[in-house]
Amino acid sequence: MKRMMGGLAAWVLAAGVAVAAESPGVQVQTLMESSASWDGRAYEAYPPGPPLLTVLRITIPPHSALPWHTHPIPNAAYVLSGELTVEKQGTGETRWLKQGDVLPEIVGEYHRGVTGDQGVVLIVFYAGSRGVPLSQQ
């Protein structure tokens, strides 16, 4: 039943997007679609329990480094303005992001964001459930 409801919800969402795209003047652009984080690791599952969607606007000033942290849930960041380098602690792997880029975040591995001469403003979407933290140090 749960799987059927999830499939129904996906169909309703897709139908809504299709209807919006067919409306005069409406444009729909997929910014990101991914079943894996930026380092190529596949997302395993959403946390159990009723879904809780969270969207944050995060502003990080120039010449800042966030603390090393992990996320227990899938999330994605959209760069509204500025630039950011994301670093993976275990491998030293990095990804540089600029305005308009979208990043499927790493789950369960330590990483951080570092800004240079420009700060950054991010819109981050988290797909979790009540009681599950968005990030952990």
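Trainee: Which residues touch the most other members of the largest nonpolar core?

Mentor: This is a predicted model. Its largest nonpolar core has 14 residues, and β2 (75-88) and β6 (120-129) each supply at least two residues of this core. The members that touch the most others are Leu84, Val86, Leu97, Val120 and Leu122.

Trainee: Is His111 buried or exposed?

Mentor: His111 is found in strand β5, residues 111-114. Buried means under 20% relative accessible area. The relative accessible area of His111 is 1%, so His111 is buried.

Trainee: Which side chain does the side chain of His111 join in a polar contact of 3.3 Å?

Mentor: Leaving out residues up to four places away in sequence, His111 touches Pro67, Trp68, His69, Thr70, His71, Val86, Glu87, Lys88, Gln89, Glu105 and Ile106. Val86, one of the core residues named above, likewise counts His111 among the residues it touches. The polar contact of 3.3 Å links the side chain of His111 to that of His71.

Trainee: How many residues apart in sequence are the parts that Arg41 and Glu109 tie together?

Mentor: Side chains of opposite charge can pair when their charged atoms come close. The side chains of Arg41 and Glu109 meet in a salt bridge of 2.5 Å, N to O. Arg41 lies in the loop between α1 (2-22) and β1, and Glu109 in the loop between β4 (102-104) and β5, so the parts tied together are apart in sequence by 68 residues.

Trainee: With which residue does Lys98 form a salt bridge?

Mentor: The structure holds five salt bridges. Lys98 is partly exposed, with 37% relative accessibility. The closest N and O atoms of its salt bridge are 3.3 Å apart, and the partner is Asp101.

Trainee: Which residues make the nonpolar surface patch of about 300 Å²?

Mentor: Val55 lies in strand β1, residues 51-60. Exposed means over 50% relative accessible area, and Val55, at 53%, is therefore exposed. The patch is made by Leu53, Val55 and Phe125.

Key:
Residues numbered from 1 in each chain as written. Predicted model: local features only at pLDDT ≥ 70, side-chain atom pairs only at ≥ 80, totals over all residues. Heavy atoms only, no water. Patch = residues over 30% accessible without salt bridge, like charges linked within 9 Å, V, L, I, M, F, W, Y side chains within 5 Å. Areas by Shrake-Rupley, 256 points an atom, 1.4 Å probe, with all protein chains shown as cover. Salt bridge = Lys/Arg side-chain N within 4 Å of Asp/Glu carboxyl O. Helix = DSSP H or I, 4+ residues; strand = E, 2+ residues; numbered from the N terminus. Buried < 20%, exposed > 50% of the residue type's maximum accessible area, 1.4 Å probe, protein only. Core = buried A, V, L, I, M, F, W, Y, C linked by side-chain atoms within 4.5 Å. Contact = heavy atoms within 4.5 Å. Polar contact = N/O pair within 3.5 Å; in protein donor to acceptor, adjacent residues only side chain to side chain.
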